Each structure stands twice: as C-alpha cells, then as structure tokens.
Amino acid sequence: MKTVCKLLLPLLCAALLLAGCSPVDFFSTDSLLRAPRLTGTNAALQQAFEAAVGKDVFLVSPLTGEYRSAYVLKDCNGDKVEEAFVFYVRHGSENTVHVHLLEYAEHAWYSAADIAGNGSEIYKVEFFNIDGDPDQELAVTWTVSDSRRDKTLSLYNLDFAHDPGSDLFNPLASVQVFDYFVADFDKDRQNELFYVYFDSTEEKNGAYAKLLKYSEADTVLYPVNEVKFDGRASNLLAVKYDYADGRYEFYADCAVGENSYYTELILYEPETATLSLPLRALYEDPVAQTRRSSLLYADDVDGDGRIEIPVERNLDNSFVINYPESETVPLRCVSWLRFGQEGFTTTVTYYVSDAYGYRLRLDPALGALYIINDYMTGEVQFRSVESLSGETNEGDESAAPDDLLFTVSPAVRARTAAPDADPAADAASKLRIVVTDFGRSRNITRKTVEALIETVDA
Ligand SMILES: [Ca+2]
Ligand SMILES: [Ca+2]
Ligand SMILES: [Ca+2]
Ligand SMILES: [Ca+2]
C-alpha cells in the first residue's frame, strides 16, 4: 500500500541524508509558540530571523509530513549549503502565515525574502522539482483554521540568482487540493502535478482529478486535463495509488451522502497522456460496482503492490442468527476487487467480525462455504456447501453438523499463550477454534484456520 503522501518519503529521506547532520534538537520541537534560545549556528539563525521580523511573532509548525518544525533547513539549489525557511505569524496582526527565507554565506545567516502565504495554518511542507530549472521548488499546503477540509497547495519557484528588483519567490501554482502527487507521468524527465479536489461552488460542485504540466515556454503550470468524479460523490476521504503496466492508477474513496461509500478509479493513460475514468466505459453504473455501507478504504489487501477495492456481499446461504429484534439476517462478507482490462475480479473474500476484531480469509482451499454466525454467542460456523444440495439427515439432531468444517468463537476464558506462540497468530489466540472430524477429513487443521485469521483494527 502506498498513499500519495508516502510516495515522496523515500525522496525526502534521501534529501535529508544528503542534507547531512542538521542540529535537529530544536527543529524537531512541534508547535512552538516562541522560539527558545538557540545555541551555535541555530542561535545565529534565530538572531538573523528576529533581526529581520522582530520578536513579536508566533512560529507555525506544519501539521503533518516530514517537516514538522517552524524552522525548515533545506539545500534547494544544490550548492551544499542549506537555506532556512521559517514559518510564522506576526502577533496581533492578521492570521496569515508568512514564509521567511534566510540564506547562509560568509559564516552568517542573512534574511533573503519574506512572503505572505495562503492560510492560517500549514498542513504540509515538501520540496520537489517540477519546472525546468534544477533547483527544488517549495511546496506548501495551507489550511485555514476550522476548515481543514479545504487545503491550498502553493508551489514556489525559488530564484536565488534573482536580479535586484525581481522576486526570489515566484509562485508557480496555487490550487485547492484534497491530496496531490508529483511524478514524471509522461516520462519526459520532468515531473507533473496530479491532484484531487472537491469544488463546492454551485457551478462545479463535485470531486475532480486534474493533471498540471510545466510549460518551459510560458514558465507556468498549465492544465493537461481534468476529470469529474461521479456526480453523487459528496466528499473525498482518501486517495491511494499504485503503478502497474507502466501507468499510474489512483483510487479515491468517496462518500455518497450518509453511510455510503464508493471508490472512484482514475487512470493516467500513457497513450493519450491524459487522465481517464475507466469504469465509465465498462459499467452503466460505476458507483454501484464498489458501493458499500461501511467505511472501508481501498488498500493493498494482499501485499502484492496493487490496490484492491473492498465491497460488501451477502454470502449465499449464510446468515446471522439470534439477531436482536429479528430472527435472521443475511451474512455479509467483504470481497476485495482488483481492476484490470476486463473490469473487476475478486482477489480475496473475508468473513469480517467487527465485534471480535478479526477477519478470516475464505481461502479456496477451504472449498465452497456457507457461514452461520450466532450473534448472541459470537460463534461462527463454517460449513461446506456440498451437503446443501444433498440428502438431509432425518430426525437425528446430533448428526446436524454433518457439513460443519470448523467453528470460531471468542475464547471463553483467558488462556495462557504458549511460550512458542506465533505472534502472527495474535488474533487467533483470542479465539477458540474447533475443527470437526469432517473438517479434518478435508485437510483442515487448527493451524490452517489460524493462518487465515488476521486482526482488524476496531
Ligand atoms: Ca543551497
Ligand atoms: Ca526546479
Ligand atoms: Ca513528465
Ligand atoms: Ca494487492
């Protein structure tokens, strides 16, 4: 699984390593109101900052991401000398966060530029190269207090060799984002910006994905294309991506009103160098394909590097008994769908127990199953479907579990874990697994069942 923000992590880590050993004690401090006294080089940096803007300021730390300090050191122009970015709000004035840039030369820090940003808080700070010059651009995602749903990504080209009278900070783009991702989509050795956003204005109302590319000639980022999600998408919840067959695939989990969710799939098509919504062409109602009533996120459920989309399904012949105020209800499983040329295929199906925090993979080796869950006791019976169409056992109640392979139920009392207990069997260790003779005759053992059980976060 990769989230959009995780993509840049290796790059950032590499950048941090290259940047060498910054004296980070101070810089790791989160959410400082005022700068503490610094020592050594940092003290000189703080003095230079205060000499430029005064002492009556609040420092502002990014809320998330790799850089969590109001002071960010980064060598953007590759001369092996770090620049310093300081994020602050002037006390008693407007709430806008400013970015102050200091450069280091001749054994001293000096103030180089100062700009007003686009929010009262900083969500994230990153650096990447998206325009024609080799320098890193500064990417700041701004938020406004109490409105973290709306984020603004501002990209700044930094012109360190600027002429007197021209600006060091050159805004390349400022766009509303839910999440974004920078990569060389079209393999021309220059990065593009992909982002997803929700536009709540009356004219555009809806969720969109958009791709921006840098134009050398016009020195701006221009839109390559934009796709609008299904009109029923009422909110964005998460975006993940994978890379398969030479193209990026983005999975955007969306809300559809109350207690209903679906995943919008967005592809980058290398042939046309544009974004597309492939489900539109394959299905009459693309939303119905992945719609679910539980908040389940698209994820790489089997760890193969590809994202799967979860959907709920009633399992044939399966039901929940002793359900409050109702005799039986259909039993739902979660299937994870993989998208391919032909549309969706199921990769894996789980029986999910939210109540007891586990899921059990319905491995094909178990054979075709039906499941009966006793809501009162928590006991779940896994039964072979073979006998469903066959002869029934007449009159003999004790012979009823003929098709019962195994049961899983909450452990009745605390059991001491065996000294050689497999940590992977953690979830299973809180459960009582009983395999029947019939189950054993089908090569099912306690270990087989344990290996299919995973812990699920509540
Ligand atoms: Ca530098
Ligand atoms: Ca650049
Ligand atoms: Ca490119
Ligand atoms: Ca996968």
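Okay, let's start with a pair of strands: β22, residues 369-374, pairs with β23 in the antiparallel sense, over five bridges. Before I go on, keep in mind that this is a predicted model.

So, staying with that pair. Ile371 has Phe382 in β23 as its bridge partner. The two strands make a hairpin with five residues between them, and in the turn you'll find Gly378, with a positive phi of about 85°.

Now the other neighbour. β23 is also joined to strand β24, residues 404-410, by four bridges, and those two run antiparallel.

How enclosed is β23 by the rest of the structure? Largely, because four of the five residues in 380-384 are buried.

Let's zoom out. The protein chain has eight helices and 26 strands. Of its 458 residues, 31% are buried. And if you take the contacts with a separation of 6 or more, 46% of them are between residues 24 or more positions apart.

On to the cores. The largest nonpolar core has 76 residues, and Val196, Tyr251 and Ala252 touch the most other members. Where does this core lie relative to domain 1 and domain 2? Between them, because domain 1 (4-305) and domain 2 (308-458) both give residues to it. Take Ala252: leaving aside neighbours within four places in sequence, its contacts include Val196, Phe229, Leu236 and Ile266. There's also a second, separate core of 21 residues, and among them are Tyr351, Val352, Leu369 and Val449.

One more residue I'd like to show you is Tyr156, in strand β8, residues 147-158. Is Tyr156 buried or exposed? Buried: the cut-off is 20 or more other C-beta atoms within 10 Å, and Tyr156 has 24. Leu172 is 16 residues away along the chain, yet the two C-alpha atoms are separated by 5.5 Å. Leaving aside neighbours within four places, Tyr156 is in contact with Leu172 and also with Glu137, Leu138, Phe169, Asn170 and Pro171.

Last thing, confidence. The mean pLDDT of the protein chain is 86, with 83% of residues at 70 or more. Over residues 5-35, though, the pLDDT is below 50, and that stretch has 33 contacts in the model beyond near neighbours in sequence. Residues 392-399 are also below 50, with three such contacts.

Terms used: Residues are numbered from 1 along each chain as its sequence is written. Chains are lettered from A and ligands numbered from 1 in the order in which they are written. This is a predicted model: local features need pLDDT of at least 70, side-chain atom pairs count only at pLDDT 80 or more; totals for chains, interfaces and linings use all residues. pLDDT is the predictor's confidence in each residue, from 0 to 100. Two residues are in contact if their C-beta atoms, placed from the backbone, lie within 7 Å. A residue is buried if 20 or more other C-beta atoms lie within 10 Å of its own, exposed if 12 or fewer, and partly exposed in between; C-beta atoms are placed from the backbone. A nonpolar core is a set of buried Ala, Val, Leu, Ile, Met, Phe, Trp, Tyr and Cys residues joined through C-beta atoms within 7 Å. Domain bounds come from an automatic or database domain assignment. Two strands pair if DSSP finds at least two bridges between them.
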